[in-house]
Amino acid sequence: MRTGSSLPPRAGVGFKPAHFHDILNEPKPVGFLEVHAENYMGAGGPPHAQLAALREHYPLSLHGVGLSIGSMQPLDRDHLARLKAVCDRYQPASFSEHLAWSSHDGVYFNDLLPLPYTPQTLVRVAEHIDQVQTALGREMLLENPSRYLHMAESILPEVEFLAELSRRTGCGLLLDVNNIFVSSTNLGADPQHYVDAFPLARVKEIHLGGHHVDADGAGAPLLIDAHGAPVVPAVWALYARVIAHTGPIATLIEWDNDVPEWPILRAEADAADRILADTARASAA
Amino acid sequence: MVAVFESALSEALLDPERPLPSSLRAAQPESADRRFAVHRNNMVAGLVEVLRERFPVVQKIVGEEFFAATARAFVLRCPPRSPVLAGYGDELASFLAGFAPIRELPYLADVARLEAARTRAYHAADVAPLDVAAFAALAPAEVHAARLKLHPSVEIIRSPHPVVSIWAMNSGELTLAPIGDWRGQDALVARPRLEVEIRALPPGGAAFLLALAGGMPLGQAAERALREHADFDLTGNLAGVIRAGLACGIAGNAATEAAP
């Protein structure tokens, strides 16, 4: 039996230890919390004490950044076992990972690296997703990446690649709306087309976050998925377009660098909650 | 399947001098390097930040800029072998010991060893330390043969430098002041509850604790410590072990041997 993803259709935030007391002292300010799985793979200590306390009050989304699902090399079985241990310990409502690779020949690169989209890589990634879902006994969600460059070997559009992976493995999808905006800008594509082509019925969670605006040195903007700023208006608009199609879906505000004071992060979550509530009302009317 | 693109990207990430893998394309070809730099930066700057958080005192001693340059060299020489980054930097101390630009700071590697141990203690398993009553229950005749199980967070760092004083002065635990009496110190790192504690051990204390950690009974461990330091004080050291919560089991004593 495979457990499905079951996050509430509300706004949540990525948990930062600096906000621990703020979150516990307010009655239910957000619908769920998300943490990076790799930060809770130590044996014990304050990180586990905090997460255990939060878990009593909040549904948890466990988000992996190091499984390297998009690698053509075999998955790291030790890492999969560590993930299973974190899932067993905290019973998260959802587990998600990225369509990317981060390890090669035993070296971990601390980044989400791109893979070409071909029928061959599709088979390999689908095998990895099957392996993860079997090991964890649950459905996983796969997230669309931020892209900075084209890959010459790619022959399938990313949206098609993700849709086919979801169809073959039964995995859900995590739609990162900021990543759509970042990738589309960087690769010269239309983010609305991406959203309109996306298999939205398979989306079980949405990520929103800020990006850094840089220049590519050749006259074009270079957007960097830095998670260190508020969500920009264009991404909010794209998000509203998604939600209008899907109805309310669990929506995470990611803010991992230059972490702000709690009220600022909370205001971002409140803004997402308002869009979710408006959509719920509109569909009920 | 041969993952040519993966090997090519890996090599380019680990060697900044290498040209960009040919499969990566940008609409304006001259912007490809700048775009790939995002990945290089995520890797190197991201890992430098991980090291900065784990080794704040090393950074305080050498300064931010020098630390960043040193950490960058370390990242490219010893990239992580695991996605669990809590353990990343365990080898920084040995890297520093052989790093020519810091030859004039011979104590820096030991400060790094101490800070690495501090993070390991932070993430160590949670086990309740034994209380005084558990020791009081030992019959006097049993004391010498008793084997203590040390708390999983306990580490001993022996240094020919005053490593604990240097650490404490640069971490804000003590006021920064010249160290007149430059002598070696043995550091004890432990986290019996939620806070990591670091302190200098009394004479013979390190030999005693290392013997206990090696499974030696109390009596033998005390003899070992006495051989190293004639003024080793068993009563004081044992009281220190109990007070600091460094023991979490007594082998041969059923009441306290239960697995955590």
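What share of the contacts in chain B with a separation of 6 or more comes from residues 24 or more positions apart? Such residues account for 65% of those contacts, where two residues are in contact if their C-beta atoms, placed from the backbone, lie within 7 Å. This is a predicted model, in which local features need pLDDT of at least 70 and side-chain atom pairs count only at pLDDT 80 or more, whereas totals for chains, interfaces and linings use all residues. Residues are numbered from 1 along each chain as its sequence is written, while chains are lettered from A and ligands numbered from 1 in the order in which they are written.

Chain B contains 12 helices and six strands; helices (H or I, at least four residues) and strands (E, at least two) are DSSP runs, numbered from the N terminus. Of the 260 residues in chain B, 40% are buried, a residue being buried if 20 or more other C-beta atoms lie within 10 Å of its own, exposed if 12 or fewer, and partly exposed in between, with C-beta atoms placed from the backbone.

Within chain B, helix α9 (residues 205-213) has as its buried residues G205(B), A206(B), A207(B), F208(B), L209(B) and L212(B). These buried residues pack against β2 (147-150), β3 (155-159), β4 (185-190), α10 (218-228) and α11 (234-243) of chain B, and just after α9(B), G215(B) takes a positive phi of about 95 degrees.

Chain A holds a closed barrel of eight strands, running β1-β2-β3-β4-β7-β9-β10-β13 with parallel pairing; two strands pair if DSSP finds at least two bridges between them. One of these pairings joins β1 (residues 11-14) and β2 (residues 32-36) of chain A in the parallel sense over three bridges, and the bridge partner of G14(A) in β2(A) is E34(A).

The loop between β3 (60-63) and α3 (77-90) of chain A contains G64(A), which counts as buried because it has 24 C-beta neighbours inside 10 Å. Not counting residues up to four places away in sequence, G64(A) touches A37(A), E38(A), L83(A), F95(A), S96(A) and E97(A). The C-alpha atoms of G64(A) and L83(A) are separated by 8.3 Å, although the two residues are 19 apart along the chain.

Turning to the interface, 41 residues of chain A are in contact with 41 residues of chain B. On the side of chain A that touches chain B, the largest share, six residues, comes from β6(A).

The largest nonpolar core has 133 residues, of which L142(A), V177(A), V111(B), A112(B) and V189(B) touch the most other members; a nonpolar core is a set of buried Ala, Val, Leu, Ile, Met, Phe, Trp, Tyr and Cys residues joined through C-beta atoms within 7 Å. Helix α6 (residues 108-123) of chain B gives the largest share of this core, nine residues. Leaving aside its neighbours within four places in sequence, V177(A) is in contact with I206(A), H207(A), L208(A), V235(A), L238(A), Y239(A) and V242(A). A second, separate core of seven residues includes L24(B), A26(B), F36(B) and V38(B).
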